Amino acid sequence: MKTELILLRHGETEWNALGLLQGHRDSPLSTEGLRQADALATRLSTLSFSALYSSDLGRALETARRIATRTGHEVHADARLRERGLGLLEGLTRDEARQRHPDIFGEYATNSPDYVVPGGESASQRLGHAVECLGEVGQRHPGERVVVVTHGGVLSSFFRHSLGIPPNTPRAFSVRNACWNQFDYHQGSFVLVTWGDLTHLRDASRDDP
């Protein structure tokens, strides 16, 4: 039996609004981000699902907790659903990172899956953690629907992984705050069903920088 995985990106944060690279560092949800999280909660309040999982970073947890307030689910936090750690680039805009650490940012900007940012991790390392976690969730909930709150970078890598797109291919798709994405899990494989659904929001949300 397949497992229906509803993968959500957290609501907009104050750093998202400023264009800062976050990684494992955190910032609160903005006023708009709180509105987005509540819109997700409203949509999910009318949908039956078995469990609610989340990254353990604050911006994802706050989004998940606002959902849980409406749906009554316990939030299961898992560090494997975290955003990619960006080490010394965290807290900088892309322009600042380019100016202060040109060689490091240049390597990061190539989208090389195995490049480890100093003090951080590679995209392939982070993807491996997420795939492991989502596979376990899929096996734990056969024939059920599960909601997972995670991050833009994780979703971007997982999208490529599931469709067999080379990880360093330039991104030609959006990963907006509070976007709704569905993948079906069956016998170790993930199949994309829905991507980038924002029908629960009246206004466009911010894309992943």
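Colleague: In this predicted model, is Phe-183 buried or exposed?
Modeller: The model is predicted. Under 20% relative accessible area counts as buried. Phe-183 has a relative accessible area of 0%, so Phe-183 is buried.

Colleague: And what is Trp-195 at 21% relative accessibility?
Modeller: Buried needs a value under 20%, and exposed needs one over 50%. Trp-195 has 21%, so Trp-195 counts as partly exposed.

Colleague: How many aromatic pairs does a search of the whole structure find, and which kind do Phe-183 and Trp-195 form?
Modeller: The search of the whole structure finds eight aromatic pairs. Among them, Phe-183 and Trp-195 have ring centres 6.3 Å apart, with 80° between the planes. Planes over 60 degrees apart count as edge-to-face. The pair of Phe-183 and Trp-195 is therefore edge-to-face.

Colleague: Which parts does that pair tie together?
Modeller: Phe-183 lies in strand 5, residues 180–186. Trp-195 lies in strand 6, residues 189–197. The two parts are twelve residues apart in sequence, so the pair ties together strand 5 and strand 6.

Colleague: What kind of aromatic pair do Tyr-185 and Phe-190 form?
Modeller: Their rings are 5.1 Å apart, centre to centre. The angle between the planes is 55°. Stacked needs under 30 degrees and edge-to-face needs over 60, so the pair is tilted.

Colleague: Are Tyr-185 and Phe-190 buried or exposed?
Modeller: Tyr-185 has 8% relative accessibility. Phe-190 has 10%. Buried means under 20%, so Tyr-185 and Phe-190 count as buried.

Colleague: Which residues form one aromatic cluster?
Modeller: The cluster includes Phe-183, Trp-195, Tyr-185 and Phe-190. It also includes Phe-158, Phe-159 and Phe-173.

Colleague: At what angle do helix 2 and helix 3 pack?
Modeller: Helix 2 covers residues 31–44, and helix 3 covers residues 58–71. Their axes are 8 Å apart. The crossing is right-handed. The angle is about 35°.

Colleague: How do the residues of that contact divide into nonpolar, polar and charged?
Modeller: Helix 2 brings residues including Leu-34, Ala-37 and Asp-38. In helix 3 they meet residues including Glu-62, Ile-67 and Arg-70. The contact of helix 2 with helix 3 divides into six nonpolar, three polar and four charged.

Colleague: What is the phi of Asn-111, and where is Asn-111 found?
Modeller: Most residues other than glycine have a negative phi. Asn-111 is not a glycine, yet it has a positive phi of about 65°. Asn-111 is partly exposed, with a relative accessible area of 35%. Asn-111 is found in the loop between helix 5 and helix 6.

Colleague: Where is Gln-187 found, and is Gln-187 buried or exposed?
Modeller: Gln-187 has a positive phi of about 50° although it is not a glycine. Gln-187 is found in the loop between strand 5 and strand 6. At 72% relative accessibility, Gln-187 counts as exposed.

Notes: Residues are numbered from 1 along each chain as its sequence is written. This is a predicted model: local features need pLDDT of at least 70, side-chain atom pairs count only at pLDDT 80 or more; totals for chains, interfaces and linings use all residues. Side-chain values use heavy atoms; hydrogens and water are left out. Rings of Phe, Tyr and Trp (its six-membered ring) pair if their centres lie within 6.5 Å; planes under 30 degrees apart count as stacked, over 60 as edge-to-face and the rest as tilted. Helices (H or I, at least four residues) and strands (E, at least two) are DSSP runs, numbered from the N terminus. Buried means under 20% relative accessible area, exposed over 50%, partly exposed in between (1.4 Å probe, protein chains only). Axes are lines fitted to C-alpha atoms, for helices over the stretch in contact, and angles run from 0 to 180 degrees between N-to-C directions. A crossing is left-handed if the near helix is turned anticlockwise from the far one by less than a right angle, and right-handed if clockwise. Contact means heavy atoms within 4.5 Å. Ala, Val, Leu, Ile, Met, Phe, Trp, Tyr, Cys and Pro count as nonpolar, Asp, Glu, Lys and Arg as charged, and the others, Gly among them, as polar.
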